[in-house]
Amino acid sequence: MSPVNDGFSVEIQDKVKVDCEACGDAGRDVVEESVGAGSADSVGRAETLAGGFESTISLTLTAFDTRHYQDLIRTRAATIRRVVRALKPALGLHNALDAGCGVGFFSQTLTELGLETRGFDGRLENVVEARKRFPKVAFESGDIESAEITALGAFDLVLCFGLLYHLESPMRAIRHLRALTGKGLVIESMCVPGDEVRMMLRDEPFQNDQSLTDMAFYPSESCVVKMLYRAGFHHVYRLTRLPEHDDFRATSDHERRRTISFASDRPVAVACLERVAEPRGGRDPWTKLGPEPETLVARVRRFLSKPGRMRYVALANRVRRVVPSMPLPLRLPFRAWWLAEHSALDRELIHDGFETAEAEFVARFLRPGMTVLDVGAHHGLYTLLASRLVGRNGRVIAFEPSPRERRRLERHLWVNRCGNVDVQSCALGECAGEANLYLVEGMHDWCNSLRVPHIEERTSKVRVEVRRLDDVLEGFNWPRIDFIKVDVEGGELSFLHGARRMLGGEVRPAILVEVQDIRTVPWGYSAREIVRCLANEGYGWFALADDGSLESISSELSSYDGNFVALPCERFGEFCEMGLGLSKPPVETFQDSRGTVRACRENEFVGG
Ligand SMILES: C[S@@+](CC[C@H](N)C(=O)[O-])C[C@H]1O[C@@H](n2cnc3c(N)ncnc32)[C@H](O)[C@@H]1O
């Protein structure tokens with residue numbers, strides 16, 4: 001897996017500039033919404049909180065940079081990577097076209113996947129912004145509803161995400177996409193609920209991520225499939241696994257909103273796709289026979305046809321409609337119990353699982369007897385996993401400064417009888433003292449931060465103690481630490497600065513860390529500084545494949561977006577024996593930032 005640049009684009013520069021020119025008034029609202037109440041201050045004038053880093057940053061924000069859109073981009077980009085990796089060898093893909101590319105995030109994803117990519121968009125301002133953000137990709141303006149677009153020629157892969165339902169003439173657009181497609185078309189669309197082949201005409205807001213006109217047809221999923229067949233594709237597929245985002249699944253409060261299809265002229269046999277037949281013989285709306293009401297037997301049958309977990313969730317949701325505060329007990333894949341309430345993480349765990357590649361990696365890495373730090377333990381997902389894996393002779397130290405989150409963490413530890421976990425109530429940072437912790441008052445309670453988080457929900461403040469990890473470990477008499485998971489909503493760099501002595505120790509831990517600009521913006525630094533910081537300490541960097549194995553990445557990329565693993569170079573040989581998907585590098589020595597001689601440089605690491 002290569003790291004993506006399809007996240008929030010942020011640059012650290014000498015002067016503050018929030019540029020709204022490209023997005024007009026709508027964009028201006030978005031800027032305010034994106035930057036968040038009070039955080040314009042923290043973006044423009046980076047303060048020093050336990051971090052010692054001071055800089056100002058320049059952003060060009062568009063509708064695509066709102067938090068909601070960024071979540072959608074991230075999860076869809078993960079799916080694009082998974083699907084294109086499977087299709088590339090199967091179809092022999094070399095180039096790609098991103099139709100309706102917006103400001104170019106997915107064009108960049110395709111480029112990183114090794115496809116020579118072009119992108120086009122109906123709005124010149126998006127094309128201009130895309131060229132600025134991703135100068136290595138060729139972008140131009142073009143209208144998918146106009147036949148002129150087919151003059152671009154044919155591309156091995158055409159990607160058309162987020163465009164179909166913004167159009168007045170979707171069928172015509174699909175015909176043009178057919179003409180542009182050499183080997184395969186991956187198309188994503190919002191879809192109206194229901195199994196019928198139908199379209200709904202909607203008024204559209206005038207924004208730079210929407211329709212060029214003020215109305216558009218929204219198709220049902222079956223309608224997308226039918227149009228693909230009727231445009232001349234012989235084989236249409238659905239994805240066996242859709243992106244891990246609420247828009248792609250039915251939840252207790254809405255039907256599934258989006259779908260992704262793949263269409264090709266020839267059959268494609270890859271595990272991520274399953275064939276769908278052309279829908280035929282829909283109900284005649286003018287029939288004299290009224291619709292048949294669903295019988296009780298049919299309802300029971302429909303209920304029983306759901307997977308066991310969904311049956312359980314459906315029943316529990318009915319009960320929760322009456323008693324909303326009732327937690328929903330869930331069995332996690334590693335057999336621990338989880339009491340789901342109403343936070344975003346609970347929702348992820350109920351429906352699909354959460355950070356499954358990260359969990360796979362942790363399971364490959366941890367051994368009985370190890371000592372683990374869970375920094376930013378939240379409600380204890382990683383703490384529970386680590387507690388099981390390190391067993392009785394191991395130990396987990398979980399740091400969670402929010403009293404509200406700690407209550408749920410401790411309840412999970414109690415329910416699962418975790419006797420090997422030590423909960424610490426302080427935050428970790430570079431300077432010991434006290435600070436405000438901003439608690440998110442809505443579903444996204446995993447975004448609590450020592451800075452006002454980049455989020456649309458309200459926050460409240462609580463005073464918390466901040467300690468340096470080195471001081472905490474001193475208090476524990478410097479135990480050997482084998483593994484650290486750190487996810488502290490932008491406080492990662494500050495955390496590392498307070499852990500200098502540990503990072504210079506004899507046996508240094510592996511570290512799983514969140515590296516995302518959207519989290520570090522309120523702190524006034526770019527997430528790549530986290531990568532640079534550990535690289536200077538002699539750590540090599542790895543991305544996670546779906547199965548939890550590691551793939552070596554450069555520490556010199558311009559941006560990173562996701563969870564990554566840092567391994568100390570001198571222990572690389574040892575890690576190769578652990579089944580992490582690594583192979584042995586040539587050994588070389590180098591001096592880290594404090595002059596310590598270490599075994600090898602990170603760019604000699606080889607990913608599996
Ligand atoms: C919702 S955004 C999708 C951006 C990106 N593909 C994604 O999924 O995140 C829709 C984009 O389609 C563009 N667009 C709207 N109508 C178009 C048309 N007829 N031809 C080409 N692009 C169009 C808009 O300007 C906007 O950038």
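**Group meeting talk: a walk through a predicted model**

The protein's secondary structure comes to 19 helices and 30 strands. Keep in mind that this is a predicted model. Of the protein's 608 residues, 48% count as buried. Now take the contacts between residues at least 6 apart in sequence. Of these, 70% join residues at least 24 apart.

How far can we trust it? The mean pLDDT of the protein is 84. 85% of the residues reach 70 or more. Two stretches need care. Over residues 586–591, pLDDT stays under 50. The model has 13 contacts beyond four places in sequence for that stretch. Over residues 597–608 the pLDDT is also below 50. That stretch has 51 contacts in the model beyond near neighbours in sequence.

Next, the cores. Here is the background. In soluble globular proteins, nonpolar side chains tend to be buried together. In this model, the largest nonpolar core has 83 residues. Which of them touch the most other members? They are Leu366, Ala386, Phe564, Val565 and Ala566. Helix H12, residues 381–390, gives the most to this core, with 7 residues. Let us look at Leu366. Set aside its neighbours within four places in sequence. Leu366 is then in contact with Val372, Ala386, Leu389, Val390 and Phe483.

On to the ligand. 21 residues surround the ligand. The closest are Gly100, Gly102, Gly122, Phe161 and Gly162. What is the shell made of, by class? There are 8 nonpolar, 8 polar and 5 charged residues.

Now a single residue, Asp98. Asp98 sits in strand S4, residues 95–99. Is Asp98 buried or exposed? Asp98 is buried, because 31 other C-beta atoms lie within 10 Å. Leave aside its neighbours within four places in sequence. Asp98 then contacts Phe106, Ser107, Leu110, Thr117, Gly119 and Leu159. Val186 is 88 residues from Asp98 in sequence. In space, the two are 9.9 Å apart, C-alpha to C-alpha.

Strands next. Take S17, residues 395–399. S17 is mostly covered, with 5 of its 5 residues buried. In a regular strand, side chains alternate between the two faces of the sheet. Now look at both faces of S17. On one side are Arg395, Ile397 and Phe399, and on the other Val396 and Ala398. Both faces are covered, and all of these residues are buried. S17 also has a partner. 5 bridges join strand S16, residues 371–375, to S17, and the two run parallel. Asp374 stands opposite Ala398 in S17.

3 strands form an open sheet, in the order S19-S21-S20, with mixed pairing. Which strands stand at the edges? They are S19 (427–428) and S20 (433–440). Each has a single partner strand, so one side of each is left without a neighbour in the sheet. Strands of a sheet pair through backbone hydrogen bonds, either parallel or antiparallel. This sheet has both. S20 is joined to strand S21, residues 459–467, by 8 bridges, and these two run antiparallel. S19 is joined to S21 by 2 bridges, and these two run parallel. What is the bridge partner of Gly433 in S21? It is Val466. Val466 is the bridge partner of Ala427 as well. For Ala435, the bridge partner in S21 is Val464.

Ser549 is found in the loop between strand S24 (539–544) and strand S25 (550–553). Ser549 counts as buried because it has 20 C-beta neighbours inside 10 Å. Ser549 and Gly579 are 30 residues apart in sequence. In space they are 8.0 Å apart, C-alpha to C-alpha.

The other two have backbone angles to check. Most residues other than glycine have a negative phi. Arg335 is not a glycine, and its phi is positive, near 75 degrees. Arg335 lies in the loop between strand S14 (328–331) and strand S15 (337–340). Arg335 is exposed, because it has 9 other C-beta atoms within 10 Å. Trp478 is not a glycine either, and has a positive phi of about 50 degrees. Trp478 lies in the loop between helix H14 (469–475) and strand S22 (483–486). Buried, exposed or partly exposed? With 13 C-beta neighbours inside 10 Å, Trp478 counts as partly exposed.

Conventions:
Residues numbered from 1 in each chain as written. Predicted model: local features only at pLDDT ≥ 70, side-chain atom pairs only at ≥ 80, totals over all residues. Helix = DSSP H or I, 4+ residues; strand = E, 2+ residues; numbered from the N terminus. Buried ≥ 20, exposed ≤ 12 C-beta atoms within 10 Å, placed from the backbone. Contact = placed C-beta atoms within 7 Å. Near = placed C-beta within 6 Å. Nonpolar A, V, L, I, M, F, W, Y, C, P; charged D, E, K, R; others polar. Core = buried A, V, L, I, M, F, W, Y, C linked by C-beta atoms within 7 Å. Pairing = 2+ DSSP bridges. pLDDT = per-residue confidence, 0-100.
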